[in-house]
Amino acid sequence: MSTMESAHVPLEPPVPSSITKTPAATVTSRHSVLVRITHWIITLSFFALVVSGAEIVISHPRFYWGETGNVLTTPLFKIPIPSSRNLVPTGYGYVLPDQNGWSRALHFQTAWVAVLTGLLYVVAGFVSGHFRKDLLPGKSDVSWRGFASVIAHHLRLEKPSDGDTWSYNVLQRIAYLFVIFILFPLVIWTGLAMSPAFDSAVPATVTLLGGRQSARTIHFLVSVALLLFLIVHVIMVWREGFRSRMLAMITGRTTSTKERT
Amino acid sequence: MTDLSRRKLIAGGLAATAGATALGVAAHLAHKYGLVAPDHGGIYGPGEALTYASLRLLTRHSLAREFSRSQISERPLANEVAPFSEEFKRHQAGKFVDWRLTVDGMVDHPASFSVDQLKSYPSRSQITETVCEEGWSYIAEWNGVPLSHILNLVGAHPQAKYVFYFSIEPDWWESMDMADAVHPQTFITYGMNGDDLPVGYGGPLRLKLPRQLGYKSVKFINRMIVTDDVKKFGKGLGSVSPETGYAWYAGI
């Protein structure tokens with residue numbers, strides 16, 4: 001547990017007096033070691049899940065609502081791509097090679113890694129107070145004024161304020177909480193709902209969603225939402241200073257002109 | 001080395017030892033309770049092992065969801081199969097009267113069953129969803145005889161661990177563990193939605209394993225072997241599926 005507590009205090013050893021006079025930026029601890037490790041494991045897992053998931057979708061790029069659906073029934077929507085199955089009417093004159101074998105194996109193995117890592121992160125986040133201290137928006141921030149000021153700041157494409165270097169603004173906090181506590185649980189739930197064995201043990205997993213085709217469609221849409229989040233996340237990291245933010249998530253340290261208070 | 005890092009090193013070493021011991025104990029227990037899939041090797045072995053062990057434990061007493069008659073799909077889908085062999089065409093021309101399902105291996109009384117003989121045993125039906133690994137599905141009523149009834153008739157040995165089942169068509173065979181073999185919804189089906197099982201859906205005989213994906217429900221079955229050794233079949237991975245990259249256990 002010591003590593004998690006250390007997230008909130010500077011990690012530096014006592015600075016020799018000869019260096020203290022240099023007016024360089026203060027180096028402070030930004031992310032705990034557990035946050036950094038789980039962040040990168042989840043990042044790698046997410047890439048593997050997206051690639052393998054896309055391969056699986058190619059074998060049937062049609063989505064339905066309710067319990068059942070197949071090429072003879074009306075889809076809710078289709079993705080206009082070629083398919084790896086002869087059976088699917090795509091309008092393309094060719095069939096892609098079947099990649100479902102390794103894709104499924106990679107998808108499920110990675111799901112284990114991602115879910116176990118995510119569980120560790122969530123449990124540690126509650127125990128260490130990471131969610132309460134770093135992600136739960138402050139009372140004063142949750143107001144029209146608080147939102148308006150952050151949104152206006154973004155719309156004017158202003159440089160991030162110095163405070164953003166060592167803390168999250170209210171929009172960030174809500175986005176992260178939404179991803180952690182809504183999107184990830186939903187993608188895990190709908191994924192499990194597609195397992196005929198899991199459904200046999202816990203039928204509510206699929207019946208609460210209105211059927212297995214609904215579960216599959218929600219699984220796809222939530223994955224798209226997660227991918228959109230990732231794109232925005234990377235753009236924001238880029239705007240804040242790619243090098244310093246990447247270093248912060250790798251080494252845990254960030255340079256800031258302002259002392260953390 | 002500071003005190004802190006030494007303490008961390010010792011703690012890390014202890015944790016690693018404890019972890020390795022726990023893994024060893026877990027592997028031993030998993031083997032003892034039949035929680036190790038035949039295709040647990042390779043880079044995807046850990047995921048396959050975790051999935052099979054946890055779902056096998058979770059589904060110990062579970063039944064596949066059953067539906068009402070009104071939910072039977074108006075437009076089910078018979079998936080594509082390779083062009084029929086001459087042997088199959090001959091049986092089809094003869095309306096399958098000479099079709100035999102042979103059951104042998106670790107049994108007291110090896111036997112061959114005609115379709116009519118199977119129909120003479122207590123008939124059961126289930127309205128379940130057929131789920132393809134690609135994502136599509138349909139609901140149908142399946143009529144047949146539970147595999148457990150046949151295993152009792154032939155006197156399967158208690159030390160048997162797997163039942164292998166083969167299509168008359170080449171390179172199409174699977175196996176299931178005994179938990180699935182004696183499961184009340186595991187059928188040898190000869191009927192669908194009240195009629196004879198159409199050829200497109202696997203007629204005259206199809207194995208039905210509704211708690212797993214469709215590819216475990218092999219069509220046109222004519223042979224079953226009760227065994228305790230997966231190594232005797234193909235590459236020893238439990239079925240032809242792992243030989244083409246698909247998991248032996250298809251509960252997910």
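The hairpin of β3(B) and β4(B) has five residues between its strands, and within this hairpin Gly135(B) takes a positive phi near 130 degrees. The model is predicted. Strand β3 covers residues 124-131 of chain B and strand β4 covers residues 137-146; the two run antiparallel and are joined by eight bridges.

**Pairing in the hairpin**
- Val131(B) has Ser137(B) of β4(B) standing opposite.

**The five-strand sheet**
- Chain B also holds an open sheet of five strands, in the order β2-β1-β10-β5-β6, and the pairing in this sheet is mixed.
- The edges are formed by β2 (111-114) and β6 (173-177) of chain B; each has a single partner strand, so one side of each is left without a neighbour in the sheet.
- On average, neighbouring strands of this sheet are turned by 20 degrees against each other, with direction ignored.

**The chain as a whole**
- Seven helices and ten strands are found in chain B.
- The C-alpha trace of chain B spans about 85 × 40 × 35 Å along its principal axes.
- Of the 252 residues in chain B, 44% are buried.
- Among contacts in chain B with a separation of 6 or more, 66% are between residues 24 or more positions apart.

Notes:
Residues numbered from 1 in each chain as written. Chains lettered and ligands numbered in written order. Predicted model: local features only at pLDDT ≥ 70, side-chain atom pairs only at ≥ 80, totals over all residues. Helix = DSSP H or I, 4+ residues; strand = E, 2+ residues; numbered from the N terminus. Buried ≥ 20, exposed ≤ 12 C-beta atoms within 10 Å, placed from the backbone. Contact = placed C-beta atoms within 7 Å. Pairing = 2+ DSSP bridges. Axes fitted to C-alpha atoms, helices over the stretch in contact; angles between N-to-C directions.
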